[in-house]
Amino acid sequence: QVQLVKSGGGLVQAGGSLNLSCAAAGSIFVLNAMGWYRQAPGKQRELVAALVSGGNTDYADSVKGRFTISSGNAKLTVYLQMNGLEPEDTAVYYCFADVRSNIGDPLARYWGQGTQVTVSS
């Protein structure tokens, strides 16, 4: 099993910044990717940013240039620095990790508990 522990989030005014972090722990043989999805009320969950093994990153078009995803020294923690926040960024943000727990195991996606990000206008 893999556990994802998140921190960060909260309420900020438009134009402000917030930082989210997510740490993975447990049975991890290969960590293929980590990142964040978000879900706003009445909308589908969407990918915000992902950090893939090898260092490649992927961002939603709506956050490019404003959000930055990075990893910690242990590579089991990801950070999402969110600058220039807009009311449209208001959502519950979910950390995910794609993990292979043992040799030969398929990749499995794990989810952390959501964290609320609210941006006031």
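Is F96 buried or exposed? F96 is buried, with a relative accessible area of 2%, where buried means under 20%, exposed over 50% and partly exposed in between, with a 1.4 Å probe and protein chains only. The model is predicted: local features need pLDDT of at least 70, side-chain atom pairs count only at pLDDT 80 or more, and totals for chains, interfaces and linings use all residues. Residues are numbered from 1 along each chain as its sequence is written, and side-chain values use heavy atoms, with hydrogens and water left out.

**Overall fold**

- The protein chain has 11 strands and 0 helices; both are DSSP runs numbered from the N terminus, strands (E) of at least two residues and helices (H or I) of at least four.
- The order of elements from the N terminus is β-β-β-β-β-β-β-β-β-β-β.
- The radius of gyration of the protein chain is 14 Å, which agrees with the value near 14 Å for a compact globule of 121 residues; the radius is taken over C-alpha atoms, and the globule rule is 2.2 Å times the number of residues to the power 0.38.
- The C-alpha trace spans about 50 × 25 × 20 Å along its principal axes.
- Of the 121 residues in the protein chain, 40% are buried.

- The whole structure contains 3 aromatic pairs; rings of Phe, Tyr and Trp (its six-membered ring) pair if their centres lie within 6.5 Å, and planes under 30 degrees apart count as stacked, over 60 as edge-to-face and the rest as tilted.
- One of these is the edge-to-face pair of Y37 and W111, at 5.3 Å centre to centre with 70° between the planes.
- Because Y37 lies in strand β4 and W111 in strand β10 (residues 108-111), this pair ties together parts that are 74 residues apart in sequence.
- Y37 is buried at 17% relative accessible area, whereas W111 is partly exposed at 37%.
- The rings of F96 and W111 have centres 6.0 Å apart and planes at 50°, so this pair is tilted.
- F96 belongs to strand β9 (residues 91-100) and W111 to strand β10, so the pair ties together parts 15 residues apart in sequence.

**Charge over rings**

- The charged end of R45 sits over the ring of Y94, 3.9 Å from its centre; the criterion is NZ of Lys or CZ of Arg within 6 Å of the ring centre and within 35 degrees of the ring normal.
- R45 also lies over the face of W111, at 4.7 Å from the ring centre.

**Largest pocket**

- The largest pocket has a volume of about 190 Å³.
- On a 1 Å grid over the protein atoms alone, a pocket is an open set of points where a 1.4 Å probe fits, with protein on both sides within 12 Å along at least five of seven lines; lining residues have an atom within 4 Å of a point.
- Its volume is the space filled by probe spheres set on the points, which are joined across faces, edges and corners.
- There are 13 lining residues, and those closest to the pocket centre are L51, V52, S53, S71 and K75.
- Two or more lining residues come from each of β4 (30-39), β5 (46-52) and β8 (77-82), with β4 giving the most, 4 residues.
- The lining comprises 6 nonpolar, 6 polar and 1 charged residues; Ala, Val, Leu, Ile, Met, Phe, Trp, Tyr, Cys and Pro count as nonpolar, Asp, Glu, Lys and Arg as charged, and the others, Gly among them, as polar.

**Loop between β9 and β10**

- I103 lies in this loop and is exposed, with a relative accessible area of 69%.
- The C-alpha atoms of I103 and F29 are separated by 7.2 Å, although the two residues are 74 residues apart along the chain.
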